[in-house]
Amino acid sequence: MLKKILLSTFLTISLILFNFSEPTYAENIDNVQPGNAYLAEDSILSFKLLDKLDSNTAKKFDTIRFILVKDITIKNKIVIPKNTVLSAIITKTHGSRILGQSGVIRLKVNDYKINDTYALHFKNDLKFKGGHNYANAAASIIIPFSGLLFKGKEVQYPPGTVIEYKLNDNLDLGINEAQLLSILP
């Protein structure tokens with residue numbers, strides 16, 4: 001019994017004096033500047049396109065407009081209300097290519113002004129990929145290597161399409177969380 005008490009006391013003192021684990025702080029969030037407000041990884045942004053999003057016709061620096069279908073909230077406060085029209089600039093685009101490469105479009109969401117002083121800066125791009133063409137993969141089983149000549153799928157969304165975009169990474173909004181929460185109603 002005495003051995004158990006001594007051993008448990010020794011372990012407790014060792015953990016206090018020699019903290020082997022790295023402390024985890026709320027400020028240590030991947031891809032977010034310490035203190036900034038952010039949308040968490042795996043959050044879903046729901047919006048309806050006002051313009052066509054097509055990897056065949058899109059060009060770098062084209063503007064795409066969309067309407068939010070659901071509020072964007074942080075800590076139960078609405079940061080950007082639904083039905084807000086936002087816009088984005090295409091930063092990269094290409095159509096599908098041979099060897100099964102899909103079409104790609106990357107969008108940089110433009111700043112959203114909260115008031116005359118503060119704006120949200122969406123630091124990460126939203127990426128859309130067309131996907132693989134599985135019918136072509138089936139053909140390559142019948143005729144070996146024939147799939148190398150087929151293209152992947154295009155990114156094609158007509159105006160009015162509702163898209164639920166899942167964030168693959170934390171999205172830093174470029175504003176201090178305390179400031180943001182203090183100016184919201």
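Hi everyone. What we have is a predicted model, where local features need pLDDT of at least 70 and side-chain atom pairs count only at pLDDT 80 or more, while totals for chains, interfaces and linings use all residues. Residues are numbered from 1 along each chain as its sequence is written, and side-chain values use heavy atoms, with hydrogens and water left out.

Let's start with the rings. How many aromatic pairs does the structure hold? There are three. Rings of Phe, Tyr and Trp (its six-membered ring) pair if their centres lie within 6.5 Å; planes under 30 degrees apart are stacked, over 60 edge-to-face, and the rest tilted. F47 and F66 make a tilted pair, with 4.7 Å from centre to centre and 45 degrees between the planes. This pair links distant parts of the chain: F47 sits in strand β2 (residues 44-49) and F66 in strand β4 (residues 63-68), 19 residues apart. Strands here are DSSP runs of E with at least two residues, helices are runs of H or I with at least four, and both are numbered from the N terminus.

Buried means under 20% relative accessible area, exposed over 50%, and partly exposed in between, using a 1.4 Å probe and protein chains only.

Next come F128 and Y165. Their ring centres are 5.1 Å apart and their planes are at 55 degrees, so this pair is tilted. It also joins distant parts of the chain, with F128 in strand β11 (residues 126-129) and Y165 in strand β13 (residues 162-166), 37 residues apart. F128 is buried at 4%, and Y165 is buried at 10%. Together with Y157, F128 and Y165 form one aromatic cluster.

Now the core. In soluble globular proteins, nonpolar side chains tend to be buried together. Here the largest nonpolar core has 34 residues, and those with the most contacts inside it are F47, L107, L120 and F128. Such a core is a set of buried Ala, Val, Leu, Ile, Met, Phe, Trp, Tyr and Cys residues joined through side-chain atoms within 4.5 Å. Leaving aside neighbours within four places in sequence, F47 is in contact (heavy atoms within 4.5 Å) with residues including F66, F128 and Y165.

On to L167, in the loop between β13 and β14 (171-176). L167 is buried, with a relative accessible area of 4%.

The largest cavity holds about 70 Å³. On a 1 Å grid over the protein atoms alone, a cavity is a set of points where a 1.4 Å probe fits but cannot get out; a pocket is an open set with protein on both sides within 12 Å along at least five of seven lines, and lining residues have an atom within 4 Å of a point. Grid points are joined across faces, edges and corners, and a volume is the space filled by probe spheres set on them. F47 and F66 return here, among the residues lining the largest cavity.

The largest pocket has about 230 Å³ of space. It is lined by 16 residues, of which L39, S43, I72, T73 and I74 lie nearest its centre.
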